[in-house]
Amino acid sequence: MQIEKQLTAGIIAAVKALYGADVPDKMVQLSATKKEFEGHLTLVVFPFLKMSRKAPEATAQEIGQYLVENMPEALARFNVIKGFLNMVIADESWVNLLCDIQADERYGLKPVTEESPLVMIEYSSPNTNKPLHLGHVRNNLLGWSLAQVMQANGCRVVKTNIVNDRGIHICKSMLAWLKWGNGETPESTGKKGDHLIGDYYVAFDKHYRAELKQLTEKFMSEGLDEDAAKEKAEKESPLMQEARAMLVKWEQNDPEVRGLWQRMNDWVYAGFDETYCSLGVGFDKIYYESQTYLEGKQKVMEGLEKGFFYRRPDGSVWADLTKEGLDEKLLLRADGTSVYMTQDIGTAKLRYEDFPIDRMIYVVGNEQNYHFQVLSILLDKLGFKWGKDLVHFSYGMVELPNGKMKSREGTVVDADDLIAKMIEDARTMSEDKVNKLEDISEAEAVEIARIVGMGALKYFILKVDARKNMLFNPEESIDFNGNTGPFIQYTYARIRSILRKAADAGITIPTALPSVALSEKEVQLIQHLAAFGAAVSQAGADYNVSVIANYCYDLAKEFNGFYHDFQILKEEDPQKRAVRLALCEAVAKVIKTGMGLLGIEVPERM
């Protein structure tokens, strides 16, 4: 923050004047003063002892005295605890800092230029045989938020998605629709396309299990033991044989199979788009496995020719990674078909052709940690300059408490069901626990419920370090107290109400704020605002969006403490009132910016 820069320059000048030594900025170690001591910022003086040739206490005393005498506008007073110089910043500096925050429309965010590094972030990665579920919700929210955070750190960002639109699982849904669909469409059933196709994937599994049971019993009656009977049933299942035959036809570009595949996928994509819209996420470029797997096979063959990979007697192609401390990895099966690794290599090739990527970030669950360790090595071998340094943004599982919000299939939690339930709960909670707004239209009430419901969902997921498994509790997430999205949103709405009342009363906030005596709570609030840029930087450096979430909560909590203890509109001193209104405005701006980085909207009133 600006105050730290001022003090750093002053400390460098003090060391030069007192001890005749030139020191670099990085030697000046400033941190927030511990709560048990008086002060705002603390300087560690031990690095300067060789220059001062004095005890730590004496060195700290001399530097502190120099700063008070030469920078009275910045430093009010100081105290020394052993080798630590605790500095009390002058009120004028805090007010000036508040003015700077007010004047900067993009406060806390770094500029993006044509020379900024280009970061590509992959997230979502759905299959076209079923709708998005709770795991996809965490993935999409993390990916979208990480993209905003990287952009806030001065990067150009491309948001991308890879859709798994080919394979045996897709054929299962297609075959089930042909057998039992009776020509159903999203229009004829009133169902979202992804839900309709998901129902047929479930239907295939139901019929397949029944068929396996029947076949297993038949083979056991013929004298096979249970394990052998099950194995034979799986091999000879007519349903699975039909699905595999359909996959072969798809690979051969059979026009009838390809036509049905395209038609059903289009239904799914329309359904996905609705869910993405509800989540408030999107993509700059979407890739499809059906278009990338052939590119991957080509790159693998190139690697084979160059000796990076080898072919086994059965014709399969492998990468030997034992020198890297890993194992051998299959890249092409004996029949020439590709595996997931092949597809990811092909997708990387197309992306590199489309964009001059400096960094590639994959937002994928932690069960794929080994996959991306291998992919990084393979891409590096194949000549992708970012391959070695690719980032796997690995996140943990997310679950609901037992018995809560089971999906229509009873296995996974459907994203659309979750979104609808969150918005419904927000409407109910708002009516029960928050004073009803006067003159609110039904449309505005519905919109506020959407903003609050989605804010509750997003914040509860994003406040947790992504690397951890988490339990998502819908009821806890929508509480208006505690570390929740609605608590922060309500704080923002409260501030906006204060500012509207000030405007209605003809009270304006001056650009140049008067210099007034500040309370410790006001100073703490400005100091917390000053830390926003550091929080944004840390979130980007650590790929940890929860840093932003918890910063916003701490800021909202700090503001509510200030609001409880001090008059704002009723403050009789017009100069103090102006500073407090400016403080309100700055807090609202930073909350809106911070929550925006999480993809969370904040309502003007609640």
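Counted as side-chain nitrogens of Lys or Arg within 4 Å of a carboxyl oxygen of Asp or Glu, the salt bridges come to 32. This is a predicted model, in which local features need pLDDT of at least 70 and side-chain atom pairs count only at pLDDT 80 or more, while totals for chains, interfaces and linings use all residues. Residues are numbered from 1 along each chain as its sequence is written, and side-chain values use heavy atoms, with hydrogens and water left out.

| Pair | N to O distance |
|---|---|
| Glu242 and Lys179 | 3.1 Å |
| Asp205 and Arg209 | 2.9 Å |
| Asp354 and Lys285 | 3.9 Å |

Glu242 forms a salt bridge with Lys179, and because Glu242 belongs to helix α10 (residues 238-251) and Lys179 to helix α6 (residues 168-180), the pair ties together parts that are 63 residues apart in sequence. For accessibility, buried means under 20% relative accessible area, exposed means over 50%, and partly exposed lies in between, as found with a 1.4 Å probe on protein chains only. Glu242 is partly exposed, at a relative accessible area of 33%, and Lys179 is partly exposed as well, at 36%.

Asp205 and Arg209 sit within one helix, α8 (residues 193-221), where, being four residues apart, they are separated by about one helical turn. Asp205 is partly exposed with a relative accessible area of 31%, whereas Arg209 counts as exposed at 57%.

The side chains of Asp354 and Lys285 also meet in a salt bridge. Asp354 lies in helix α13 (residues 340-354) and Lys285 in strand β7 (residues 285-288), so this pair ties together parts that are 69 residues apart in sequence. Asp354 is partly exposed, with a relative accessible area of 38%, and Lys285 is partly exposed at 31%. Beyond these pairs, Arg166, Glu251 and Glu289 are linked in a network of salt bridges.

The strands come next, where two strands are said to pair if DSSP finds at least two bridges between them. An open sheet is formed by three strands in the order β8-β9-β10, with antiparallel pairing. In this sheet β8 (310-311) and β10 (328-332) stand at the edges, and each has a single partner strand, so one side of each is left without a neighbour in the sheet. Two bridges join β8 to β9 (residues 317-320), and Arg311 stands opposite Val317 in β9. Elsewhere, six bridges join the antiparallel strands β3 and β4, with Val80 standing opposite Leu85 in β4. The hairpin of β3 and β4 has two residues between the strands, and in this hairpin Lys82 takes a positive phi near 55 degrees.

On a 1 Å grid over the protein atoms alone, a pocket is an open set of points, where a 1.4 Å probe fits, with protein on both sides within 12 Å along at least five of seven lines, and lining residues have an atom within 4 Å of a point. The second largest pocket has a volume of about 790 Å³, a volume being the space filled by probe spheres set on the grid points, which are joined across faces, edges and corners. Its lining has 29 residues, of which Thr33, Lys35, Glu520, Gln524 and Gln527 lie nearest the centre. At least two lining residues each are supplied by β1 (30-32), β3 (75-81), β4 (84-89), α19 (520-530) and α21 (546-565), and the largest share, five residues, comes from α19. By class, the lining of this pocket has eleven nonpolar residues, eight polar and ten charged, where Ala, Val, Leu, Ile, Met, Phe, Trp, Tyr, Cys and Pro count as nonpolar, Asp, Glu, Lys and Arg as charged, and the others, Gly among them, as polar.

Two helix residues complete the account. Ile101, in helix α4 (residues 91-103), is buried, with a relative accessible area of 0%. Not counting residues up to four places away in sequence, Ile101 touches Tyr107, Leu529, Ala530, Ala586 and Lys589, contact meaning heavy atoms within 4.5 Å. The C-alpha atoms of Ile101 and Val590 are separated by 9.2 Å, although these residues are 489 residues apart along the chain. Ala578 lies in helix α22 (residues 574-597) and is buried, with a relative accessible area of 9%.
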